[in-house]
Amino acid sequence: MTSGWDKETDVVVIGYGSAGAAAAIAAHDAGARVLVLESTAQGGGNTLVSFGGFMVPTHLDKAIRYISGLYEFSHSEKDDELIRVFVEESSKSIEWLKSLKQDVAVLTYGGASYPSITGAETIKRYAVKGAHKGATAFAQNLWQLLSSAVQEERNIPVLTGTPAKRLVTDSDGTVSGVIARTQEGEISIQAKRGVIITTGGYGFNAEIMQNYVKGSPIYSLGHPGNRGDGLLMAQKAGAKLWHMNGVSCSFGIKVPEFESALMMGIGGDGQIFVDKSGKRFINEATIERHAGLLAVDFFDSNSLTYPRIPFFLIFDETARLRGPISRTVGLGSAGIRYSWSSDNSKEVDNGWIQKADTLVELARNLNIDEAALHKTITQWNSDVGRGDDTLYGREIPDDRSSALVANGPFYAATIHPCLINTQGGPRRNGKAQVVDAFNKPIPRLYSAGELGSLWGLIYQGGGNIAEALAFGRIAGVHAAGERCYISVLPDTKGDMS
Ligand SMILES: Cc1cc2nc3c(=O)[nH]c(=O)nc-3n(C[C@H](O)[C@H](O)[C@H](O)COP(=O)(O)OP(=O)(O)OC[C@H]3O[C@@H](n4cnc5c(N)ncnc54)[C@H](O)[C@@H]3O)c2cc1C
């Protein structure tokens, strides 16, 4: 092998989710030899445990206006050039997916997460149709299409169970290869044109989470392979970080049976949320699904606690019998492994949901003030009766009885903010090049996907997979277009972990 390397190729892609697959396909189709590294036993990452939707803009300028609005309201850092490139490229995603295989069909299922922002009508969410069933059917359809385009149609080698450990850089900072760990030991792989990092986020890296994201504890619903490896590798190569406090965060319950939490799409009829003092704190029905953390990360400097982490979902027997308390059962890394019972009885029996004959007993079990919980429920039921939520203006359904919390026994689930995914990481430019602290591209280093995402504090649903597909393609094309670069493997001993 040349100059001390164990393997050589043109482009190394680190991480095999939708961004990695799109990057590999695009680099291959642009004429490069490609090798994909995946740390876990199977590819798919967060992509495969997701809902699988992706946003597509129907009008470029108006979509740019809408997406820009998300940053203006949240005061997150905005990159106009990146937004423009994203909107232009993601408008081609349906056509690109259809080019991967005959008879690919898509459907549209939703739109803008924030309909009041100018340009919202130009945001549409799509999913790939297919044979799969269940909550992750669209994700499976998408992944089957992408992975067969990588492995079957193009024969691009994918080394699973092979985590990248370090980037190899030359003395001038040029990224020339990757050190990866195989079962036989570490190997060095020369990348003659470029390296593309698509390792997803850092939801399972407690140290990174603690340093950048406010609120505790926060669990993750996603793929346990997303441990921030790519972030650390890019940092060592000199990358500028951004959007590190940006997370797409829903609610969930954490049980010891699974490393990931179970996603809870809650706030439906007959469900109210109370904090640790037994009081309601929000209109439960209007929390945007990806903005859960923003609803609960309030820190009380008097009690020295996060009074809403965890909070409690309270409901009664009527609501229990209505169906699974979560609208999102079956999504997420734990969700795909667990079958939630239709009347929540299994979850009551195994202790994930607490049951009590009276509100007093329920409050005691939750260690919250009995009188406060009683007052909260009494006020809620009285507001429901009058059709007016006097505290938070929550809409009361026409069938008022469905909103009551009155028919014992009573139930509570302990709810934590749970990450759908993180958004932060190395910043990239419009060519998907990772940039350094002074916005200068780090030679031959690219990234795509949720790692170093363009999304900040406020997120548009379907935006992450859209970005993974768009910037995966951009990264693949540009990395493949680099001039061939031959380097000698530097002495990396002592630089491994
Ligand atoms: C429950 C749920 C629902 C969601 N629904 C949607 C949705 O409908 N629409 C949407 O846009 N987004 C959704 N998301 C978010 C979306 O799934 C992700 O942001 C997106 O799939 C990220 O794609 P990616 O390719 O960047 O990363 P991933 O798909 O996570 O892939 C990263 C891969 O890199 C691997 N890896 C990590 N470290 C290394 C290493 N050192 N070496 C080699 N490989 C490594 C990981 O194991 C993983 O396989 C959802 C997420 C969840 C959890």
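This is a predicted model: local features need pLDDT of at least 70, side-chain atom pairs count only at pLDDT 80 or more; totals for chains, interfaces and linings use all residues.
Residues are numbered from 1 along each chain as its sequence is written.

**Figure 1. Whole chain.** The chain holds 15 helices and 20 strands; helices (H or I, at least four residues) and strands (E, at least two) are DSSP runs, numbered from the N terminus. Its C-alpha trace spans about 75 × 50 × 40 Å along the principal axes. The radius of gyration, taken over C-alpha atoms, is compared with a globule rule of 2.2 Å times the number of residues to the power 0.38. For 497 residues a compact globule would have a value near 23 Å, and the 24 Å of the chain agrees with this. Of the contacts with a separation of 6 or more, 75% are between residues 24 or more positions apart; a contact requires C-beta atoms, placed from the backbone, within 7 Å.

**Figure 2. The two domains.** The chain is divided into domain 1 (2–245 + 423–480) and domain 2 (248–419), with bounds from an automatic or database domain assignment. Their centres, taken over C-alpha atoms, are separated by 34 Å. Domain 1 gives 23 residues to the contact and domain 2 gives 28 residues.

**Figure 3. The largest nonpolar core.** A nonpolar core is a set of buried Ala, Val, Leu, Ile, Met, Phe, Trp, Tyr and Cys residues joined through C-beta atoms within 7 Å. The largest one has 139 residues, among which Val178 and Val195 touch the most other members. Helix H15 (residues 463–480) supplies the largest share of this core, ten residues. Domain 1 and domain 2 each provide at least three residues to this core. Leaving out residues up to four places away in sequence, Val195 touches Val12, Ile14, Leu167, Val175, Val178, Arg444, Leu445 and Tyr446.

Figure 4. Strands count as paired if DSSP finds at least two bridges between them. Strand E8 (residues 175–182) has six of its eight residues buried, so it is largely enclosed by the rest of the structure. Strand E7 (residues 164–169) runs antiparallel to E8, joined by five bridges, and Arg166 has Ile179 of E8 as its bridge partner. Five residues lie between the strands in the E7 and E8 hairpin, where Gly173 takes a positive phi near 95 degrees. E8 is also joined to E9 by six bridges, again antiparallel, and these two form a hairpin with two residues between them. Here Ile179 has Ser188 of E9 as its bridge partner.

**Figure 5. Strand E20 and its partners.** Of the seven residues of strand E20 (residues 441–447), five are buried, so E20 is largely enclosed by the rest of the structure. Strand E9 (residues 185–197) pairs with E20 in the parallel sense over three bridges, with Leu445 as the bridge partner of Val195. Strand E19 (residues 433–435) runs antiparallel to E20 and is joined to it by two bridges. Tyr446 is the bridge partner of Gln433. The hairpin of E19 and E20 has five residues between the strands, and Asn439 takes a positive phi near 65 degrees there.

Key
Two residues are in contact if their C-beta atoms, placed from the backbone, lie within 7 Å. A residue is buried if 20 or more other C-beta atoms lie within 10 Å of its own, exposed if 12 or fewer, and partly exposed in between; C-beta atoms are placed from the backbone.
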